[in-house]
Amino acid sequence: MTEHSPQTSTRRRIGIVGARGHVGSELIRLVAAHPALDLAFVSSRERAGQRLDAHEPGYSGDLVYGSLGPQDVAGQGVDAVVLALPNGKAAPFVEAIDGMAPGTWVVDLSADYRFDDRWYYGLPELTRDRRDARRRISNPGCYATAMQLAIAPLRDALDGPVQCFGVSGYSGAGTTPSDKNDPDKLRDNLMPYALTGHVHEREVSRQLGHPVEFMPHVAPHFRGLTITANLHLRDPIERSAAVARYRGFYADEPLVRVAEDAPWVSAIAGAHHVEIGGFAVSEDARRLVVVATIDNLLKGAATQALQNLNLAFGLDETLGIPV
Ligand SMILES: NC(=O)C1=CN([C@@H]2O[C@H](COP(=O)(O)OP(=O)(O)OC[C@H]3O[C@@H](n4cnc5c(N)ncnc54)[C@H](OP(=O)(O)O)[C@@H]3O)[C@@H](O)[C@H]2O)C=CC1
Ligand SMILES: CC(=O)N[C@@H](CCC(=O)OP(=O)(O)O)C(=O)O
């Protein structure tokens with residue numbers, strides 16, 4: 001892509017709220033290196049007044065973090081606002097933007113609008129065909145992205161609920177101190193939590209229109225998560241047919257890779273794609289186990305937000321994403 005190509009000739013201005021957080025930080029790096037996007041503002045209460053380049057080596061401009069409230073954010077005149085705030089904090093920002101700048105695109109990283117049909121649910125590989133005039137984009141959860149991509153190719157062949165065992169690095173728990181991001185409590189440990197009713201269980205079940213039972217855990221590593229999905233099938237399937245089905249389903253998807261072997265979570269940190277593999281078949285061939293790994297901060301959050309921004313602006317979906 002050259003500097004003067006039609007795609008990049010109109011530069012778009014992006015503001016990020018929650019810019020100190022794990023996801024905000026990843027998105028800053030991606031936007032800073034993007035050929036058609038400019039960072040217009042970054043907001044963090046804790047870092048207000050500090051230069052962005054002091055915290056983000058990938059950024060070389062003069063931006064300084066601000067502490068912007070909802071009205072300030074809505075008044076910035078940007079093309080898109082990305083909300084990278086903890087769950088439950090988006091509404092005042094969305095209300096201010098709806099009132100003052102309704103034409104501004106909003107990408108919300110939290111779970112706050114994932115069950116709201118006024119918002120487009122942006123998991124491009126599965127939902128890009130459902131895009132329409134809505135300028136409100138709800139970015140899927142990290143585990144929820146991996147689970148949906150691991151199940152979707154066999155969605156129509158399922159018999160009964162799917163069980164998913166998940167293990168995440170502790171960056172998934174954000175920066176607000178809790179047991180789930182406490183290195184002492186996590187040392188040599190695997191911490192189960194929300195073993196029924198996790199928001200991503202509801203999110204995936206709703207999106208796939210099929211019950212999914214999800215059992216999450218958090219582990220001592222920083223980033224990357226793995227899902228082991230147990231799929232009960234109506235009809236027997238051969239391993240080679242299962243692999244072929246997944247390969248066909250994702251043949252044109254640069255951010256989904258299908259492999260024969262079960263992927264390891266240690267290999268996905270820093271990568272922008274989801275890796276799906278394993279394909280173990282039971283003796284009666286009516287149970288298939290697949291494993292999916294994803295970097296929770298990238299394809300599980302920031303990379304997916306960038307796919308959604310690219311689509312919103314009519315750019316190539318993977319522009320600015322190293323694939
Ligand atoms: N971590 C992950 O793997 C994933 C996270 N997500 C979602 O993305 C969002 C961000 O996650 P993550 O980066 O991990 O979170 P962090 O806890 O790392 O960062 C949250 C950011 O929001 C700011 N913030 C917190 N409360 C408020 C508030 N009331 N008003 C304004 N700013 C506030 C924080 O503080 P300050 O203002 O001081 O900078 C910080 O900048 C969450 O909704 C999370 O669920 C989605 C997928 C994966
Ligand atoms: C390890 C850990 O705690 N992970 C987070 C998931 C992060 C994420 O995707 O969260 P949202 O759905 O809130 O956006 C959790 O289970 O809540």
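A polar contact, as I use the term, is a pair of N or O atoms within 3.5 Å; within protein, one atom must be able to donate a hydrogen and the other to accept it, and residues adjacent in sequence count only if both atoms are side-chain atoms.

**Conventions**

I note that this is a predicted model, in which local features need pLDDT of at least 70 and side-chain atom pairs count only at pLDDT 80 or more, while totals for chains, interfaces and linings use all residues. Residues are numbered from 1 along each chain as its sequence is written, chains are lettered from A and ligands numbered from 1 in the order in which they are written, and side-chain values use heavy atoms, with hydrogens and water left out.

**Ligand 2**

I looked up the polar contacts first. An N or O atom in the side chain of H200 lies 2.4 Å from an oxygen atom of ligand 2. The backbone also takes part: a polar backbone atom of C142 is 3.1 Å from an oxygen atom of the ligand, and a backbone N or O atom of L109 is 3.4 Å from one. On its own, ligand 2 has 430 Å² of accessible area, and the protein covers 85% of this (Shrake-Rupley method, 1.4 Å probe).

I then listed the surroundings, taking a residue as near if one of its heavy atoms lies within 4 Å. Ligand 2 is surrounded by 14 residues, and the closest are R114, K180, Y193, H198 and H200.

**Ligand 1**

I found 26 residues around ligand 1, with R20, S44, R45, L85 and N296 the closest. A polar backbone atom of L85 is 2.5 Å from an oxygen atom of the ligand, and a polar side-chain atom of N296 is 2.8 Å from an oxygen atom. A nitrogen atom of ligand 1 lies 3.0 Å from a backbone N or O atom of S171. The protein buries 88% of the 870 Å² that ligand 1 exposes when taken alone.

**Aromatic pairs**

I recorded 6 aromatic pairs in the structure (ring centres of Phe, Tyr and Trp, the last by its six-membered ring, within 6.5 Å; stacked under 30 degrees between planes, edge-to-face over 60, the rest tilted). Y113 and W119 are stacked, at 4.0 Å centre to centre and 10° between the planes. Y113 counts as buried at 12% relative accessibility, and W119 is buried at 7% (buried is under 20%, exposed over 50%, partly exposed in between; 1.4 Å probe, protein chains only).

F249 and Y250 form an edge-to-face pair, at 4.9 Å and 80°. Here F249 is partly exposed at 40%, whereas Y250 is buried at 3%.
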